[in-house]
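This report describes the overall fold of a protein chain and then turns to the contact between its parts. The sequence and the model are shown first.

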Amino acid sequence: MSTVLKFTSVAIIALWAASPALAKPVKIGWVQGNAAFQAEQRTQDGFKKYLTDNNIDDWEVTYLDSAGSAEKVANNIEDAVNRGVDVIYVTYADLRASSNALKGAESAHIPVYTVDSGWIPGSTADITTNNWQMSAEVSLSLISQMKGKGNLIIITTDKIKPVRERTDTLRAILKEYPDIKVIGEYNFDVANFYQETLNAVQDFGTRYGEEIDAVWTPWDEPAQAAITALQGAGLNVPVSGMDGHPEAIKAICEPNSMFVATGRQQFEEWGVNLATYAKRVMVDGDHPKEVTNGKDIVYYGATLFTKDNCK
């Protein structure tokens, strides 16, 4: 509770400009799975750009950071409902504790649009990448770097549905590569993903040293933590991530970089979608399901980025 109060007291309520046709500002409750995710920040960038481009400056947006906790996600959804917001966004979150909270939002007739969190009953719709497609392309690119054989380290988490999909895809692919052996796997706590990845890969580096042939991670920031740990151990092996953040793209294109592949996702466009959904529902009077054409899940593709794309 103290974390949320601190977050809201410092900078959480942002005011942006609404259309002159609005009788009152649209109130948004934005529940963040973890404010430290760069994906969160990029999604907000797209959202804010839409408001700026459309001269909307009096919407009231309350950001509630869940700090990687599924229980805090549920509590923050309930908080947003109690605040009487018009629309709730839930981004990059673990919804497995949120069934009752989402039912509460549904009973209050508050649409809930989630991002990369997986659809469950009570959610109006989820915007997400086709994580199976993205993981298949990135994982096969890493396997190509390994030439289909060798020792692999897997860094993952089972706390986020899209990451479970990415990891399941990797495991399915590995069944076709019997010469690749998973010699180490670590399941990190989302609340402390960077430090735990750093510590885990340091441990694997000490334990296995030059036996390690590659490291697979579920997104870009853990990939960068893994690379830092490998460098500290004096190792140089290929590492993959996913998200396609600018820092990852830059790292992949550096000479002799260990970062070899990522999947570029469309976070800014998702932020634009969130803004248009709220406008269409609260300003234009569209039905909450109509704005996603009745779809529970709105899928986007991701683009593989490797050193070949640096040209």
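## Overall architecture

The protein chain comprises 10 helices and 13 strands, where helices (H or I, at least four residues) and strands (E, at least two) are DSSP runs numbered from the N terminus. Its radius of gyration, taken over C-alpha atoms, is 20 Å, close to the 19 Å that the globule rule (2.2 Å times the number of residues to the power 0.38) gives for 311 residues, so the chain is as compact as a globular protein of that length. Along the principal axes, the C-alpha atoms fill a box of roughly 65 × 40 × 35 Å.

This is a predicted model, in which local features need pLDDT of at least 70 and side-chain atom pairs count only at pLDDT 80 or more, while totals for chains, interfaces and linings use all residues. Residues are numbered from 1 along each chain as its sequence is written, and side-chain values use heavy atoms, with hydrogens and water left out.

## Domain division

An automatic or database domain assignment divides the chain into domain 1 (27-128 + 267-300) and domain 2 (131-264). The C-alpha centres of domain 1 and domain 2 lie 30 Å apart.

## The interface between the domains

In domain 1, 16 residues are in contact (heavy atoms within 4.5 Å) with 19 residues of domain 2. About 1300 Å² is buried between domain 1 and domain 2, with carbon and sulfur atoms giving 50%; buried area is the accessible area (1.4 Å probe) that two parts lose on being put together, summed over both. Within domain 1, Phe37, Gln38 and Arg96 lose the most area to domain 2, together 36% of what that side buries.

Between domain 1 and domain 2 there is 1 salt bridge, a term that requires a side-chain nitrogen of Lys or Arg within 4 Å of a carboxyl oxygen of Asp or Glu.
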